[in-house]
Amino acid sequence: MKLKTRPDEILFRVGTGVFGVIVIAAVLAIGWQLGWESRLSIREFGWQFWRTEIWDPVAGQFGARPFIWGTLYSSVLALLIATPVALGIAVYISELCPGWLQRPLVFLTELLAAIPSIVYGLWGMFVLVPFVRHLETGTPEWMRALPLFSGPPLGIGMLAAAIILSIMVIPFTSSIAREVLRAVPQAQREGAYALGATKWEAIRMALFYARTGIVGAVMLGFGRALGETMAVTMVIGNTPRVSASLFAPQYTMAAVIANEFTEAGDDLHLHALIEIGLVLFVMTLIINIISRAFIWSLGHQDRPRRRRGVLAQQTESV
Amino acid sequence: MRNTWRRFLSQGIVVLCAGAVLLALVPLALVLFYVVAQGISSLNWAFFTHMPAPVGEVGGGMANAILGSLMVTGLAALGAIPIGVTAGIYAAEYRGTRVASAIRFAADTLNGVPSIVVGVFAYTVAVLPFHRFSALAGGCALGIMMLPLVVRTTEELLLLVPNTLREGALALGATRARAVFTVVVPAALPGIVTGVLLALARVSGETAPLLFTAFNNAFFTTDPRQPIATLTVQVYTYAIAPYQDWHRQAWAGALVLVTIVLTCSLLARFATARMERMQRGS
């Protein structure tokens, strides 16, 4: 305890602490700056900004509803595809697969997360979009009458965006779900087997035990999907409209910022784009905080926490 | 009868889970296949040494963009590594204090901020006041993306260092600073370097934060106050343009990016495996 009062100790603590405070300040600064630099748009449109659908920079009309719709719709669709696959992968790697296969599989799923967004976008433009177009032209006539599949089969559009997003979200969700499953005490599984459970019944029990963490993992994937920019921009078609159709070209919040930011002619347009960024920031912030709270609450049910493999986790999250 | 059904269901789920793994590996294989197949034919020496060719002219390379990527990533590292490592040291050394928890929380939050939002922020602080795009602004954006990765890696790895080492140094009369910088940090250094490399690899593949910070530049420049071309933005520009030859170049650029990522991941993998072996051995 004497350590605390020595001057060099205080110097060390303050010296390193200053850099820590920079990290905290960075987060606050992002919120503050985005709020300040979007003031024109916030003052001019208020809540109306999110309710109107017309986005016409030339006429000075800015309604962001199509973008928020596109972001939420594409992310939810991506989640619907990605969640079962990601959980399947997590369960397979942590519960089912033979030991020698574990490391290579972890590495391959990590690789899926490591490929840059722009590469997914390039691949999406030239490989996935033609494939989706092929799928769309092959859709039977009676299905095309439904609002979900209405519109011309362009290839680019919501479906392509959702598919590429789901590919990018899968490694994140599965890697966290795997960590969560690892936190389930082995005794729980042994108990289930001792009572005569089959493999699936034991897994179901482990999943139930880890349910808050699993929900957290899925939400973290949702947060990733909301902010994903390049790959989506390149395949979604960039058309600001609210449509339920999977075939329709649409737009997302991140994509409109990427496309129009350097071309913003006047301050109002720029502020409107920054306001979209601000809302994206707040949305991902809330989702991240909630999902981390879920995952954290699970990790603290059983102490002591496992220390082994921290570096491995680190390489995965990077 | 009921037991047969239970066993059947269990087998079915096992097969489904294995199927999910295969399903996720399909896009990975497809992406890698196309990038290699399309990229390899346009990747030649000129790609690394020549400047971009004007529209209509075949050939040319991305020399300026490759240098630009190195520069912007280097600037990011210059800012993020000292700040991140020091903040990580604080978070590990004063674990349990309120400030340390706040740092950890801020780093996790920052990690979840979409890259495009970081780009907008960097624009408001590093482009707007100076009225021009610059390599520095790009480095600022990528540095913010790197920061949380460096903080968390440093912190986690310092916590792996056995407490007895730290206590031993303190017992010999070392000050806290001396114990940390001469005993604890060196023990964790290989891991920290690996983590930093991975963070570098990750941000070097970022495009969105650079679109309106580093912007683009058709010419060769090493001035950090000028807009600068980067590999990722160049790939994007080429991909959305309607020229066949540019698409070829974009694939070549993608191949270079994927090669960088793959190499770094493999290196980190080996380093991690070695470190874990060492930990078990000690």
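1. Chain B falls into domain 1 (2–40) and domain 2 (47–281), with bounds that come from an automatic or database domain assignment. The C-alpha centres of domain 1 of chain B and domain 2 of chain B are 32 Å apart. Five residues from domain 1 of chain B and five residues from domain 2 of chain B form the contact; two residues are in contact if their C-beta atoms, placed from the backbone, lie within 7 Å.

2. This is a predicted model, in which local features need pLDDT of at least 70 and side-chain atom pairs count only at pLDDT 80 or more, while totals for chains, interfaces and linings use all residues. Residues are numbered from 1 along each chain as its sequence is written, and chains are lettered from A and ligands numbered from 1 in the order in which they are written.

3. The largest nonpolar core holds 188 residues, of which A:Val119, A:Ile164, A:Val235 and B:Met146 touch the most other members. Such a core is a set of buried Ala, Val, Leu, Ile, Met, Phe, Trp, Tyr and Cys residues joined through C-beta atoms within 7 Å. Helix H8 (residues 158–182) of chain A gives the largest share of this core, 17 residues; helices (H or I, at least four residues) are DSSP runs, numbered from the N terminus. Because domain 1 (2–40) and domain 2 (47–281) of chain B both contribute residues to this core, it lies between them.

4. Apart from residues up to four places away in sequence, A:Ile164 touches A:Tyr120, A:Gly124, A:Leu128, A:Ala231, A:Val232 and A:Val235.

5. A:Leu159 belongs to helix H8 of chain A. With 26 other C-beta atoms within 10 Å, A:Leu159 is buried (20 or more other C-beta atoms within 10 Å of its own, C-beta atoms being placed from the backbone). Neighbours within four places in sequence aside, A:Leu159 is in contact with A:Val132, A:Leu246 and A:Phe247. A:Leu159 and A:Ser245 are 86 residues apart in sequence, and their C-alpha atoms are 8.7 Å apart in space.

6. Helix H1 (residues 7–37) of chain A and helix H3 (residues 63–93) of chain B have axes that come within 7 Å and cross at roughly 110°. Axes are lines fitted to C-alpha atoms, for helices over the stretch in contact, and angles run from 0 to 180 degrees between N-to-C directions. H1(A) is therefore roughly perpendicular to H3(B), a term for angles of 65 to 115 degrees.

Technical notes:
Buried ≥ 20, exposed ≤ 12 C-beta atoms within 10 Å, placed from the backbone. Helix = DSSP H or I, 4+ residues; strand = E, 2+ residues; numbered from the N terminus. Parallel < 35°, antiparallel > 145°, perpendicular 65-115°, else oblique.
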